[in-house]
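Please read it alongside the sequence and the coordinates.

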Amino acid sequence: MAKKLPPVDVVFVGFGWTAAILGQELTDAGLNCLAIERGGWRDTSTDFAVTFAQDELRYMWRRALFEEPARETLTFRNDPTQTALPMRHLGSFLPATGVGGAGIHWNGQTWRFLPSDFVARSHNERRYGKLPDDMTVQDWGVTYDELEPHYDKFEYLCGISGKAGNLKGQIQPGGNPFEGARSRDYPNPPLDMVYAPTLFGEAAAKTGHKPFPCPAANMSRPYTNPLGVQLGPCTYCGFCEKFGCGNYSKASPQTTILPVLMRKKNFELRTECNVLKVLKDSAGKRATGVVYIDAQGEEWEQPAEMVFLCAFAHHNPHLMLLSGIGTPYDPKTGQGVVGKNYAYQIVSGVDVFFDDKIFNPFVGAGALGVGIDEYNGDNFDHTGLGFIGGGYLACWQTNGRPIETHPTPEGTPKWGAKWKAAMAKNYLTTTSISTHGAVMSHRNNYLDLDPTYRNIYGQPMLRMTFDYTDNEHKMSDYLTDRATDIAKAMNAREIHAKKRTGHYDIVPYQTTHNTGGAIMGADPKTSVVNKYLQSWDLHNLFVVGSGAFPQNPGYNPTGTIGALTYHAAEAIRTQYLKNPGPLVQA
Amino acid sequence: MYIVTSPKFDRRQILSVGVAAGSVAVIDQAQARSISGDVPWEPGQANKPDTAKPGPSEFFSPEEAQFIDAAVSRIIPADALGPGAKEAGVTVFLDRQLAGPYGQAAQWYMQGPWAKGEKTQGYQSKMSPAEVYRAAIKAIDAYCNGKFSGKKFAALTTEQQDQVLTGLEKGDIKLDGADAKSFFTMLLQNTTEGFFSDPLYGGNKDMAGWKLLGFPGAHYDYRPYVKKHNQKLGLAPVGIKGRPGWNAG
């Protein structure tokens, strides 16, 4: 029996980007806020100081900052006819445990989605006709224009380095001409560019594209954000994704919000406490708090006026399913919503090998690169192509960490003297072009509770059923072909196009861009939350993060997660607190 | 008014735990760490790496170490380009890794029920890495004993060793008590880790792996080099502990 604690106004489940943003906003509004985090406290100087941050084995391969499957994992299968089995160790994606969440170990690639991405179903059907029956793509219920001020706020919080391509409708040379109109430029200029992306940009321009420096949460100069928190200039050390930044140069909750939020009297953080359940009242109309288990195994009931699920993407719908909130999605009937439209990303690459170029791949930053956006979203005519959506192409120089990055040409043995020689020959002289493709939602890609496997607390694990469909394969092949065209224009010794073939595989690392399962929309019959991320069922429950994406566009998710969170915070501050209840009438 | 006016934790119950500094309130009432009022940074605290200790073997028996020396010498051989995996200390690296949390699969979900599953579902063996190495080395030596008239793997010619490793890689050799292919995958990955990780962990001795590639290691600041396009920088590698020349041993 859980012991009951004194109530608070607001409880956050998980303490990464979204809870930090909401914590800052809602404590400003005078509310007493409590964040409950399953992992421990983390700060730069203690946990990833520059004196030991650049340690590839420890942080990447021994998973120092990531969630431990021994405590919490999920089961996986490609399709509903298979038996799902546990993901026994991490691979394809790397959620975090601990204060700051995955906001500590991300690369910092901070994009806005296209205006047309938010109306993916209506836009594509208007232009290309009816979508296939099993493609469960939906409009978001929120528009780019509504989110624009909130994208802006997140970008200024983070100090994004970049070059505007569309300022209030005026196309800007050197920026991304396809982006939605922005109200002002990025807070910081682009990072200085290393050689390989520069060459890619030249080849892209030569072949008729409009290259631009990719938007980066790595600081191009010292920056003080609107909260007064200071970040230092990036030193291009090449240890971003999978690592904490030892230099306060990558935006994270730790480097942008926590120094202010943690000092507030109306904010409290409890670490090493795992929320097991969201409680609701007998009428099933309001959340009344959460039950959590602490590090000693004791259970506590924490009553709250408002509950925010701010855990990693798929952990939020998992907690809803465990708490009996909302109708679980059923792929057979298409009815129900919780767990619906799980999506991911489809990525491929083209390695480009030179004899006469030195790239020094170790001089890198997580979002240091040049991209093109001609083949993203609906920026190109899809007529006759057999797919919708797209992705950006980019030449990144994120790292030269040698366990992960030792490219060899096609046909090289995987071990032995020839492999050793090929690694030595190509390490400094090879680059690659990445494609970063959308995943459209599909009837059979979903999340539910596993019937067999249990987590360390004895609760059913989340079961993920996911595979790429024809839409993804056709789209990814198209993107890889376009990347190959540009690679050819770089006049390399040889190129190796690595198309993404076969089923989705949970083993090799791809991206930590898991989306869906608690999707937003305009209709409670087809979505879990409204445009303000407010549960249709319990008006004082908000479900925040990439779980809200109805499908996953061809960009990294964090910029949009930040924008959706600020959008929700504003509605709560200006509307909900005055008159608690549904912000959108069903 | 929407705000709940009930008090937060009773401040009389605050236990200022010894290490907490300044105004940070560390509350023990809920049996978990409660932090409010400040960033709970503490002087003198660092979440340091757990490094390899010098000394005798912690996991491998002498026979197992001979097998590993021989196998990693074929995966990354010593040649004109520089030291191989054995010379770079990869056997010590593997020994310490297998004796530690990685070897025990401490972070992995290791509860049943067990099923083979599809390749896309990943690792589904109930054996930890330490158990896989122990069983596979024994089984490979037994296989070699039968196939090569009483010789263990380490005693074979390099051509014969390559033949056996290729058989494991392709899954053509069936082992008693271990899956050949998944052992080979693990050995190749762990050898790569040992050859290229920071020397703190026992491998990459004298930064041999980093020198092979031209990777300068744990450098903090490359700003002077960002705009040096198409130039070899010739930076000497440095590890977390510094450079070999800086250390006594």
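Helix α1(B) passes α2(B) in a right-handed crossing, where a crossing is left-handed if the near helix is turned anticlockwise from the far one by less than a right angle, and right-handed if clockwise. The contact is made by B:A65, B:I68, B:D69 and B:V72 on the side of α1(B), and by B:V90, B:T91 and B:L94 on the side of α2(B); two residues are in contact if their C-beta atoms, placed from the backbone, lie within 7 Å.

This is a predicted model, in which local features need pLDDT of at least 70 and side-chain atom pairs count only at pLDDT 80 or more, while totals for chains, interfaces and linings use all residues. Residues are numbered from 1 along each chain as its sequence is written, and chains are lettered from A and ligands numbered from 1 in the order in which they are written.

**Helix pairs**

Helices (H or I, at least four residues) and strands (E, at least two) are DSSP runs, numbered from the N terminus. Axes are lines fitted to C-alpha atoms, for helices over the stretch in contact, and angles run from 0 to 180 degrees between N-to-C directions.

| Helix pair | Crossing angle | Axis separation |
|---|---|---|
| α1 (62–75) and α2 (90–99) of chain B | about 125° | 9 Å |
| α5 (144–158) of chain A and α12(A) | roughly 110° | within 8 Å |

The crossing of α5(A) and α12(A) is right-handed. To this contact α5(A) brings A:E146, A:L147, A:H150, A:Y151, A:K153 and A:F154, and α12(A) brings A:G559, A:G562, A:A563, A:Y566 and A:H567.

**Chain A as a whole**

Chain A contains 12 helices and 22 strands, and its C-alpha trace spans about 70 × 55 × 50 Å along its principal axes. Its radius of gyration is 23 Å, which agrees with the value near 25 Å that a compact globule of 586 residues would have; the radius is taken over C-alpha atoms, and the globule rule is 2.2 Å times the number of residues to the power 0.38. Buried residues make up 65% of the 586 residues in chain A, a residue being buried if 20 or more other C-beta atoms lie within 10 Å of its own, exposed if 12 or fewer, and partly exposed in between, with C-beta atoms placed from the backbone. Of the contacts in chain A with a separation of 6 or more, 75% join residues 24 or more positions apart.

The largest nonpolar core holds 235 residues, of which A:V10, A:F12, A:V13 and A:F308 touch the most other members. Helix α12 (residues 558–576) of chain A gives the most to this core, with 8 residues. A nonpolar core is a set of buried Ala, Val, Leu, Ile, Met, Phe, Trp, Tyr and Cys residues joined through C-beta atoms within 7 Å. Leaving aside neighbours within four places in sequence, the contacts of A:V10 include A:L26, A:L31, A:C33, A:L34, A:A304 and A:F308.

Helix α9 (residues 315–323) of chain A is mostly covered, with 8 of its 9 residues buried, among them A:H315, A:P317, A:L319 and A:S323. The buried residues of α9(A) pack against strands of chain A that include β2 (8–13), β14 (299–309) and β19 (446–454). Just after α9(A), A:G324 takes a positive phi of about 65°.

**Backbone details in loops**

In chain A, A:Y248 has a positive phi near 55° although it is a residue other than glycine. A:Y248 is found in the loop between β10 (230–231) and α7 (253–256) of chain A, and counts as buried because 22 C-beta neighbours lie inside 10 Å.

In chain B, B:N204, also other than glycine, has a positive phi near 50°. B:N204 is placed in the loop between α5 (180–196) and α6 (208–213) of chain B, and its 30 C-beta neighbours inside 10 Å make it buried. The peptide bond from B:G112 to B:P113 is cis, with omega near -5°, and B:P113 has its place in the loop between α2 and α3 (129–147) of chain B.
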